[in-house]
Amino acid sequence: GFVETWYDQSGSGNNATQTTAGDQPNIVSNGGIIKNANGNPSLEFDGSGKHLEYGNVTSNINTISSFIYLERTAASGAEIVTSQGSSATTPASRWYTPFFNSAVAYLGYDAIGSTALNLGTVSTFTPTLLSFACGESNVEGFANGTSKGTITLEDASTTSVTNDDIGKFGTSGGFEYTGRITEYFIYASKLQSDADTINDEINNHYNIY
């Protein structure tokens, strides 16, 4: 019931993998497929180091957009659900989507790795779509299709990054996520003008909100 490879459906070969058995998220538990409250099959992360690693898909955080359909099963402490980029580069090239501080979801961006853009409270056992999209001058965040504001676009390279993670912050550990993920879309594209359409298409497929 554990996932070694979460296959990229785009055809680009950016699979998310985990070869260490003890770090693999679950897809089956007690003989049944794990599902969120909406009945959608989902990967489950336990907040104790389970994660998947994938390749860097963008060269700069000013050209990136991501959409994630998740369900938290706990809401305490600081958690990073997905990380693209690193805090080690200068300037910092963080794209943490989302960064949870207790019950509140944020975009962690550039030098502000934790609370760059507030997306509001996300309740436990509540399937939620969180979206982040770069535009020409800013980055916009959405919770269940509703815009939560923008922050200024930043120029920071991610070319020195070799691993990015789903389920925690980077290969160095920490900020482990406790919850389920049904879908994760990430693009090396400025999709702000298309974000409403993409949110609607994801919601129409899963009936999230």
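Predicted model: local features only at pLDDT ≥ 70, side-chain atom pairs only at ≥ 80, totals over all residues.
In which sense do strand β14 and strand β15 pair, and over how many bridges?

**Figure 1. The hairpin of β14 and β15.** Strand β14, comprising residues 138–143, pairs with strand β15, comprising residues 146–152, in the antiparallel sense, and five bridges join them. Within this pairing, Ala143 stands opposite Thr146 of β15. Two residues separate the strands of the hairpin, and Asn144 in the turn has a positive phi of about 50°.

Figure 2. Strands β7 (residues 65–72) and β13 (residues 128–134) form an antiparallel pair over six bridges. Ser65 stands opposite Ala133 in β13.

**Figure 3. Two nonpolar cores.** In soluble globular proteins, nonpolar side chains tend to be buried together. The largest nonpolar core of this model has 33 residues, of which Trp6, Trp95, Tyr109, Leu130 and Ile166 touch the most other members. Another core, of 11 residues, lies apart from it and includes Phe67, Leu129, Ala133 and Ala195.

Figure 4. Gln18 is situated in the loop between β2 (16–17) and β3 (28–29). Its relative accessible area is 5%, so Gln18 is classed as buried, the limit being under 20%. A polar atom of the Gln18 side chain lies 3.0 Å from the backbone nitrogen of Thr20. The side chain of Gln18 also reaches the backbone oxygen of His51, at 3.0 Å. When neighbours within four places in sequence are left aside, the contacts of Gln18 are Val3, Glu4, Asp23, Gln24, His51, Leu52 and Glu53.

**Figure 5. Ala88 and Ala92 in the loop between β9 and β10.** This loop joins β9 (82–84) to β10 (94–101) and contains Ala88. Ala88 has 67% relative accessibility and therefore counts as exposed, the threshold being over 50%. The C-alpha atom of Ala88 is separated by 27 Å from that of Trp6, and the two residues are 82 residues apart along the chain. Ala92 occupies the loop between β9 and β10 as well, but is buried, with a relative accessible area of 10%. Beyond its neighbours within four places in sequence, Ala92 is in contact with Ile61, Ser86, Ser87, Asp110, Ala111 and Ala156. From C-alpha to C-alpha, Ala92 and Gly108 are 11 Å apart, with a separation of 16 residues in sequence.

Figure 6. A cis peptide bond leads from Thr97 to Pro98, with omega near -15°. Pro98 belongs to strand β10. Asp110, located in strand β11 (residues 104–110), has a positive phi of about 50° although it is not a glycine. Asp110 is buried, with a relative accessible area of 11%. Asn207 is likewise not a glycine and has a positive phi of about 55°. This residue lies in the segment after α1. Asn207 is exposed, with a relative accessible area of 58%.

How values were computed:
Residues numbered from 1 in each chain as written. Heavy atoms only, no water. Helix = DSSP H or I, 4+ residues; strand = E, 2+ residues; numbered from the N terminus. Buried < 20%, exposed > 50% of the residue type's maximum accessible area, 1.4 Å probe, protein only. Polar contact = N/O pair within 3.5 Å; in protein donor to acceptor, adjacent residues only side chain to side chain. Contact = heavy atoms within 4.5 Å. Pairing = 2+ DSSP bridges. Core = buried A, V, L, I, M, F, W, Y, C linked by side-chain atoms within 4.5 Å.
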